[in-house]
Amino acid sequence: MAAPCSKIVSRPWWQFIKNVGWTGLNQTVVRQLSRNNACGAAAQTKSKTERIPSQWKLHGAVCLQRLPVISQERNPIEDQFAELIHQMELERSLVSEHELRLLEDAERVRRKQAEDYDSDEEAEYGDQETITALDQEDAWEQKLKKFQLAPRVSDLEDDHQSVGRCLGDSLVLLTEETLGQEKVWLLPQVPWQAGETLRQTAERALNSLPEADFKATFLGSAPCGVYRYKLPKAVRTESCQGAKVFFFKALLSGHPPPSQNGPFRWVKKSELPDYLKPAYLEKVNRFILDL
Amino acid sequence: MNPIFRKLQASFILHSRALDQAALLLRASVSVQLIQGPLTFANERQYRTMPTHGIGRYKHSIPKEAPKKKKERLQMKPIKMATDTEYGTLNVKVSGYDMILVEHYSQYIHNLCNRLGVKVAESYALPTKTMEVMVMAEQGTKMYIDAILKTHERIVQLSQLNATLCPIFMEVLLKNQPEGVQLSVKQHTEADYLDRFKARPELAGLMAQKLLKGKALPS
C-alpha cells in the first residue's frame with residue numbers, strides 16, 4: 001500500500017518542478033498541452049523565453065488531516081484469531097509470581113485447617129505478611145471498577161462538523177467555497193502570490209480559514225498532489241485559461257477548539273465521494289491514505 | 001577398443017585393490033595394532049583419528065589458510081550527515097509500557113523500511129527502565145508499592161531516507177501508531193551511541209584520578 005504511494009507522490013513533485021521552472025508558452029503549445037496531461041511535454045517544448053505570463057493561475061491548498069486517536073475495530077476473523085492465539089499462549093505459558101503466591105497461600109490455608117496443625121512447624125511463619133495475594137487481588141478489582149473507560153464510539157459519529165467523530169479513522173477537512181455561480185466543497189485553497197513558496201501559500205490557506213484556528217504541522221515542502229482545471233469557456237480570458245491547485249499535507253496537532261462554526265466538514269475517505277466532484281475526487285483520492 | 005580399455009582398467013584397479021589389501025594384511029600381521037577401517041586408496045589422506053594422521057610432508061598439498069585476524073576493538077560506525085536530498089542517520093525510537101506493542105510496532109517499522117527501500121543501519125533495544133509507583137497510606141508515613149511500570153525502548157536506525165519519501169513515511173507511521181506507544185525521530189549522535197554501553201564505575205574512577213594527578217603535577 002505504501003509502495004505505490006511513493007511513486008504517486010514523486011510524479012507530482014516532478015510536475016511541480018517543471019511547472020515552476022516554466023516561464024513562458026505560446027498559445028498553440030498551451031492548446032496542445034491541454035489535451036495531454038503530462039507536463040513533461042511542456043518543459044521540453046518550451047520555446048525561447050518570451051515573457052508571456054502563464055495562462056494558468058496557481059493555487060496552494062492544504063489537506064489537513066486529523067490522525068486516528070484509537071485503533072480500529074477488529075474484523076470477526078481477526079477477533080476469532082486473536083482469541084485463539086490468546087488461548088494458546090495461556091495454555092503454553094508458565095506460572096507467574098503472583099500465581100505462585102496464590103498457590104502458596106492456598107496451601108498454607110489448607111495446612112492451617114488440617115487437624116494436626118502446629119504453628120511452630122510453619123517455616124515461614126516469621127515472614128508471613130498480613131496482606132495475602134487474594135486480598136491484593138480484591139483491592140485491584142475494586143480499583144478497576146472505579147476506573148471509567150472513555151467510550152470508543154461517541155455519539156458524534158454522524159455529526160460531520162465535529163472533530164471528535166470516528167476516532168478510529170483519519171479525517172480530512174473540507175470547506176465550502178463559491179466558485180462562479182455554484183457552491184463547491186473542496187480542500188481549503190488560496191491563490192498563489194508572487195514571491196512566496198507554494199508551501200507558504202498552503203499555510204496561508206490554513207490560517208485564513210474563517211472562525212477556526214487550527215494548529216497544524218506541515219509534512220515536508222513537496223506537494224503531494226496536483227489538480228488542474230480549465231475555466232468554462234464563458235469566463236476564459238486571454239490571460240487566464242484555468243488554474244492548477246497544488247496540495248500540501250498537514251497533520252492536526254494539539255486539540256482544536258470545540259466550537260467550530262462555519263462551512264467545515266471532517267470526513268473520512270469513504271465519505272469523500274458525497275462531497276467532492278468526480279474529477280477533483282480522482283486526484284485527491286490518490287494522496288489521501290486510508291491506512 | 002574402449003570396452004577393452006575399460007576392462008583392462010577395471011582389472012588393473014582390482015589388482016591394485018588386491019595388492020593393497022595384501023599389504024594391509026601384512027602390516028597388520030607385523031604391527032601390534034589392528035588397523036580397522038575402510039579400504040584406503042593411495043590418493044586419500046588419513047582422517048584425524050587415524051594413527052598416521054599428521055605424519056610426513058603434507059602441508060604443501062593442503063589449501064593455504066588465511067592468517068587469523070585478532071578481533072578488533074568495537075568502533076562506532078561513522079555517522080552520516082544530511083545532504084540536500086537525503087537525511088543522515090536517523091533514530092526512530094519507539095517506547096512504551098507494553099512490551100508486546102512496542103516490539104510489534106518496531107518490527108512493523110523495520111518491515112516498512114525494507115519494503116520502501118529505506119536502508120536500516122541498525123535495530124537495537126535500549127535497557128528497560130523500571131519505575132516503582134509508591135502510594136502513601138492515609139494514616140501513617142509508610143509508603144506502599146502500588147505498581148511497577150517498566151518502560152521498554154526500541155530503536156530503528158535509518159541511514160538514507162529520501163526527503164521526498166519522508167512525508168509519506170511519517171504519515172504512515174503516525175497513522176498506524178498503536179495506543180500507549182510513543183514515537184520519536186531524532187538525529188543520531190555520538191552520545192546516543194555511548195548510551196548503549198554500560199557504565200563502568202571503576203574505569204570512571206581511574207580516569208578521574210588520572211585527571212586529578214595530571215592537574216596536580218604542573219602546579
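## Close-up views of two chains and their bridges

**View 1. Polar contacts join chain B and chain A in 4 residue pairs.** Both residues of each pair are at pLDDT 80 or more. A polar contact here is a pair of N or O atoms within 3.5 Å; within protein, one atom must be able to donate a hydrogen and the other to accept it, and residues adjacent in sequence count only if both atoms are side-chain atoms. Keep in mind that this is a predicted model, where local features need pLDDT of at least 70 and side-chain atom pairs count only at pLDDT 80 or more, while totals for chains, interfaces and linings use all residues. Residues are numbered from 1 along each chain as its sequence is written, chains are lettered from A and ligands numbered from 1 in the order in which they are written, and side-chain values use heavy atoms, leaving out hydrogens and water.

**View 2. Here is where chain B touches chain A: 14 residues of chain B are in contact with 20 residues of chain A.** Contact means heavy atoms within 4.5 Å. Together the two chains bury about 1500 Å², and 69% of that is on carbon and sulfur atoms. (Buried area is the accessible area, for a 1.4 Å probe, that two parts lose on being put together, summed over both.) There's also 1 salt bridge between chain B and chain A, meaning a side-chain nitrogen of Lys or Arg within 4 Å of a carboxyl oxygen of Asp or Glu. On chain B, helix H2 (99-116) and helix H3 (166-175) each supply at least two residues of the side that touches chain A. H3 of chain B gives the most, with 7 residues. Helices (H or I, at least four residues) and strands (E, at least two) are DSSP runs, numbered from the N terminus. Sort the residues on this side of chain B by type and you get 8 nonpolar, 2 polar and 4 charged.

**View 3. A:Lys249 and B:Glu171 form a salt bridge, with their closest N and O atoms 2.5 Å apart.** A:Lys249 sits in strand E7 (residues 242-252) of chain A and B:Glu171 in helix H3 of chain B, so this pair joins two chains. Buried or exposed, what is A:Lys249? A:Lys249 is buried, at 8% relative accessible area, and B:Glu171 is buried too, at 1%. (Buried means under 20% relative accessible area, exposed over 50%, partly exposed in between, using a 1.4 Å probe and protein chains only.) Salt bridges with shared partners link A:Lys249, B:Glu171 and B:Lys175 into one network.

**View 4. In chain A, A:Lys268 and A:Asp169 meet in a salt bridge (3.7 Å, N to O).** A:Lys268 is in the loop between strand E8 (264-267) and helix H8 (272-275), and A:Asp169 is in the loop between helix H6 (133-146) and strand E2 (171-179), so the pair ties together parts 99 residues apart in sequence.

**View 5. A:Glu182 and A:Lys277 also pair up in a salt bridge (2.9 Å, N to O).** A:Glu182 belongs to strand E3 (residues 182-186) and A:Lys277 to the loop between H8 and helix H9 (278-287) of chain A, so parts 95 residues apart in sequence are tied together. A:Glu182 is partly exposed at 40% relative accessible area, and A:Lys277 is partly exposed at 40% as well.

**View 6. A:Cys63 and A:Cys224 have sulfurs 5.9 Å apart, too far for a bond.** A disulfide counts when two cysteine sulfur atoms are within 2.5 Å, and a search of the whole structure finds 0 of them over all chains. A:Cys63 is buried, at 0% relative accessible area, and A:Cys224 is buried at 7%.

Definitions and conventions
Ala, Val, Leu, Ile, Met, Phe, Trp, Tyr, Cys and Pro count as nonpolar, Asp, Glu, Lys and Arg as charged, and the others, Gly among them, as polar.
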